Amino acid sequence: MAAPWEDVLRDRPAIREAAAVAVDAALLQGVLMRTEGQPNASDVVNFAPFTLLPSPVPSALFEQAYAVQQDFNMLVDAISQNKEFLEHTLASTIKVDDFTARLFRIYTQVLEEGLAQSVFLGINRSDYMFDSGVDGPPALKQIEINTIAASFGGLTSRTVAVHGQVLKVLGKPQEASRLLPNNPSRGLALGIAKAWELYGSPSAVVMFLVEEVQRNIFDQRCVENELWNRDIRVIRKRFRDVFEKGSLDEARRLYMDGQEVAVVYYREGYVPSNYDEQNWEARLLLERSRAVKCPDIATQLAGTKKVQQELSRPGTLERLLPGHAEAVTRIRATFAGLYSLDMGAEGDKVAAMAIADPDRFVLKPQREGGGNNLYGEELRQVLEKIRDSPQRTSYILMDKIKPRPAMNYLLRAHSPLQVSECISELGIFGVYLRRGSELVLNEAVGHLLRTKAVEHADGGVAAGVAVLDTPYLV
Ligand code: ADP
Ligand code: MG
């Protein structure tokens, strides 16, 4: 999997010059983030961290990831409509995990009342690593699927031009011409626009539900601007605004400041720290409304790690997707080993297996956003402590994927320029739209490559560990 620029990797003057060009190109292209010091103002901004060079990605695995995306869209949509499956799957988790329990409570509450929403929009990102087989070729293995607030579809569309220029500066114009164009944000906006259209009220707006701290606003603006270009009005509001100014009419239409909202696009709401009591109330109000939530709460639950683990049980995919044998085969081929820690003999055996050989596994709680997983010695210690307690069921266990590293430079503001051994994670963005029971859109709309130094076990771009990258197919 060696890249065709190994020759220049250690040529310091050439690398230094290329890095200077790269940073300016990133700023010009809009690979931007607000600063830690001023996270809510755009007076001072910086480039979002990125790799100096594209990273090699096996083309067969890249194609495989695209080819399975519509299947995953269909699967997530099916899970979100399967109350029995969600109830059964999350039963043990919600006994010990308060956050999942709270989401689940809203889910059952809105179902009991009856859904006012009839148009459903899913935007997800399925993430993979390339597991280096013992002797065979590398294999595509899913890390997780993100069904809420999947980010970087905007900024990633702008790294191609940056990396193309870097390759030219380094005397590799032919390689530059092979980089694939990529614009997930256009596809995400297209999904939101179609949902807005199906909602059927031309004066209604699209509401981005945003965080209190908005460092990654430029990524969101990419999607937002595509909507303005289609003459769709976008407002940006926080849970707090919804609590203060949101209301429903008798038909459960959602209003913010007197404006009807057709689509709510969540870029917030996926971790416990996003919620206080008022925010939970705001979330309930949104879920009860007719507005198209992206995602609705059922789809958010479909993206939990516990659901991911249960999907790997023999027969489960077949039950969820009857009549789709080929899709089931494609999906299953991407699964790594996943194990339940539910109470009972099976869970006891899994816990013992992990404690005996912790470096083979990752221990994952029901959390999103990076930095929550446990590895190695820490995994062993935590699991030993909770092995006989129901607390263990708030985790799942997963085989650790071991990708082959490649050398690259990770460019971050105020950081020294040094070569690092890196591994990458490929994400594919999926968009689908359902009206009643009819799937009217189901697409893969682009990709994201994130790369980190091997010494970091965990964490994404927002967590400050991984950086943006562009795949170079080999
Ligand atoms: P989160 O919801 O926090 O993003 P992930 O499941 O994506 O949770 O895990 C976070 C990071 O941990 C991933 O981006 C990846 O770098 C690493 N990771 C997760 N699962 C595995 C695994 N099975 N093998 C190797 N690394 C993993
Ligand atoms: Mg992740």
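Predicted model: local features only at pLDDT ≥ 70, side-chain atom pairs only at ≥ 80, totals over all residues.
**Exercise 1. Describe how helix H16 (residues 345-356) packs on helix H17 (residues 376-386).**

Solution. 
- Start with what to report. Two packed helices are described by the angle between their axes and the distance between the axes.
- Take the distance. The axes of H16 and H17 come within 9 Å.
- Take the angle. The two axes cross at roughly 145°.
- Assign the hand. The crossing of H16 past H17 is left-handed.
- List the contact residues. H16 supplies Ala351, Ala354 and Ile355. H17 supplies Leu379, Arg380, Leu383 and Glu384.
- Sort them by class. Five are nonpolar, two are charged and none is polar.

**Exercise 2. Is strand E14 (residues 361-365) mostly covered or mostly open, and which strands pair with E14?**

Solution. 
- Count the buried residues, with buried meaning under 20% relative accessible area. In E14, five of five residues are buried, so the strand is mostly covered.
- On one side of E14 lie Phe361, Leu363 and Pro365. On the other lie Val362 and Lys364. Both faces are covered.
- Find one partner. E14 pairs with strand E16 (residues 395-399) in the antiparallel sense, over five bridges.
- Find another partner. Strand E15 (residues 374-375) joins E14 through two bridges, also antiparallel. Here Val362 has Tyr375 of E15 as its bridge partner.
- Conclude. E14 is covered on both faces and is paired with E16 and with E15.

Note on methods
Residues numbered from 1 in each chain as written. Chains lettered and ligands numbered in written order. Heavy atoms only, no water. Axes fitted to C-alpha atoms, helices over the stretch in contact; angles between N-to-C directions. Helix = DSSP H or I, 4+ residues; strand = E, 2+ residues; numbered from the N terminus. Left-handed = near helix turned anticlockwise from the far one by under 90°. Contact = heavy atoms within 4.5 Å. Nonpolar A, V, L, I, M, F, W, Y, C, P; charged D, E, K, R; others polar. Buried < 20%, exposed > 50% of the residue type's maximum accessible area, 1.4 Å probe, protein only. Pairing = 2+ DSSP bridges.
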